[in-house]
Amino acid sequence: MTVLITQTALSGLAASTVLRSLLEHLVEHDFVAVQAEHGWTLDYEGAQILFHADGDTLSVQVQAPTQETLFDARMMIHHHLAEFAACEPEFIRWEGDSPQFERPPAFRILTVVSAQQVSPHLRRIRFHSENLARYQSDEDFHCKLLIPRPGNADPEWPTMGTDGLPRLPSGDKQLDMRTYTIRRIDASASWLEIDFVLHEDAGPGSAWAVQAQAGQQIGISGPGGRTARPAEWMLLAADETGLPAVARILEGLSAGTRGKVILEVQAASDAIPLNVPEGMDLSWIYRNEATPGTGRQLVDAIRACTIPEGDRFVWVAGEFSMVQEVRTWLRQDCGLTGKEQLVVAYWRLGMDETRMKSGGRRSEREPGESQTEEARAADDQAGNTPE
Ligand SMILES: Cc1cc2nc3c(=O)[nH]c(=O)nc-3n(C[C@H](O)[C@H](O)[C@H](O)COP(=O)(O)OP(=O)(O)OC[C@H]3O[C@@H](n4cnc5c(N)ncnc54)[C@H](O)[C@@H]3O)c2cc1C
């Protein structure tokens with residue numbers, strides 16, 4: 001069997017401490033790290049990653065059977081090393097086999113087929129693309145959309161640098177990256193659908209969705225993962241940004257699931273039909289005149305829930321401040337473990353996604369500022385790179 005091998009080493013750091021934090025983070029995300037003779041090993045989607053800390057040097061080797069698995073594992077480690085070793089991603093150099101691609105392997109061009117107003121504030125866009133099999137996953141259903149700037153009728157798409165890392169176009173050809181949920185997909189029929197929230201103060205995502213017409217193109221990368229773990233009792237709560245994910249999660253639940261679904265939207269006309277198991281109680285909260293992200297109705301409704309002992313899972317998505325309060329409540333007052341919850345900021349009031357994540361991305365952070373838990377969680381939901 002072919003084995004492709006690539007490796008990197010970072011010096012001048014507290015290698016054991018960095019490695020411990022990195023592995024703890026990956027284990028929290030359900031990866032299994034095993035102690036070996038010369039360090040730690042971790043399997044990542046067909047690739048094997050070997051870590052070795054020696055004094056001030058952390059070495060990582062990736063072994064993979066194909067170019068694509070080598071690329072994916074290397075990108076995952078590249079992103080996490082930059083984060084946990086607190087260095088700029090471009091300082092990390094890889095040696096050995098280098099994946100040979102014209103474009104990042106997960107990147108696809110999406111062409112708009114149709115657009116439909118699902119509710120006053122939700123616009124569903126169906127896209128055509130070849131080779132979508134990679135995106136057909138019930139667990140990894142978030143993605144990054146790469147959106148050309150207005151007026152850019154002839155977009156350029158990501159390429160691969162000579163260092164084997166993705167390169168995004170710049171200047172007038174710059175692409176804005178935004179995170180979305182794949183609401184529906186049929187890879188065999190070459191289409192997928194995304195539900196875009198149309199909001200005030202529209203950024204590239206919302207503004208693009210409003211004007212989207214058949215034939216227009218954007219890019220997609222990812223997919224990224226982590227969703228609700230099915231459990232006997234579940235609480236699913238979100239504002240409209242999490243509504244597409246809730247709809248998908250509900251479609252995957254067994255009919256016997258018990259629990260609650262709490263959804264906040266602008267008005268009664270924004271409530272849409274959902275397939276809710278009989279044992280789950282669905283309630284809609286309407287903001288009416290209030291600005292999104294400013295009220296307490298959703299957080300109060302979540303906190304009013306009694307979370308039973310036993311096999312349970314809580315999934316919450318929405319505005320940053322709401323999410324922070326819910327996360328604290330679940331941990332401190334309800335005693336939920338990390339395996340029993342996934343609570344993620346999908347957006348932040350008064351801040352675009354790039355700035356929200358700059359709590360996450362080193363190059364956009366103040367020196368010494370660490371990545372916020374929210375930014376890391378949001379990044380983990382869809383990958384941080386145009387893979
Ligand atoms: C894993 C994940 C999955 C997501 N899935 C979806 C999805 O399926 N559909 C979807 O529509 N969104 C989804 N989101 C949320 C979406 O990424 C953000 O709302 C994003 O900010 C939209 O980008 P934008 O370019 O429209 O606005 P940005 O340029 O990011 O922001 C511009 C301004 O709009 C404000 N803003 C952003 N979102 C909202 C909002 N919902 N209501 C009011 N003001 C807002 C910001 O505070 C900022 O002031 C998801 C986010 C994550 C992390």
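Visitor: Which strand gives the largest share of the shell around the ligand?
Guide: Strand 12 does, with four residues. Keep in mind that this is a predicted model.

Visitor: OK, and how many residues surround the ligand?
Guide: There are 29, and the closest are V197, G203, G205, S206 and D352. Strand 12 (175-186), strand 13 (191-197), helix 3 (204-211), strand 19 (341-347) and helix 8 (373-382) are the elements giving two or more residues to that shell.

Visitor: How do the shell residues divide into nonpolar, polar and charged?
Guide: You get 13 nonpolar, ten polar and six charged.

Visitor: Where does the ligand lie relative to the domains?
Guide: Between domain 2 (108-224) and domain 3 (233-350), because both give residues to the shell around the ligand.

Visitor: How many residues of domain 2 and domain 3 are in contact?
Guide: Twelve from domain 2 are in contact with twelve from domain 3. On the domain 2 side, strand 7 (108-119), strand 12 and strand 13 each supply at least two of the residues touching domain 3. By class, that side has five nonpolar, four polar and three charged residues.

Visitor: What separates the centres of those two domains?
Guide: 25 Å, taken over C-alpha atoms.

Visitor: Switching topic: which residues have the most contacts inside the largest nonpolar core?
Guide: L236, A237, A238, V246, V316, V323 and V326, in a core of 35 residues. Several elements supply at least two residues each, including strand 15 (233-239) and helix 6 (320-333).

Visitor: And what does V316 touch?
Guide: Leaving out residues up to four places away in sequence, V316 touches A237, A238, I302, V323, V326 and V343. Another core, of 25 residues, lies apart from that largest one, and L26, F51, L58 and F84 are among its members.

Terms used:
Residues numbered from 1 in each chain as written. Predicted model: local features only at pLDDT ≥ 70, side-chain atom pairs only at ≥ 80, totals over all residues. Near = placed C-beta within 6 Å. Nonpolar A, V, L, I, M, F, W, Y, C, P; charged D, E, K, R; others polar. Domains from an automatic or database assignment. Core = buried A, V, L, I, M, F, W, Y, C linked by C-beta atoms within 7 Å. Buried ≥ 20, exposed ≤ 12 C-beta atoms within 10 Å, placed from the backbone. Contact = placed C-beta atoms within 7 Å.
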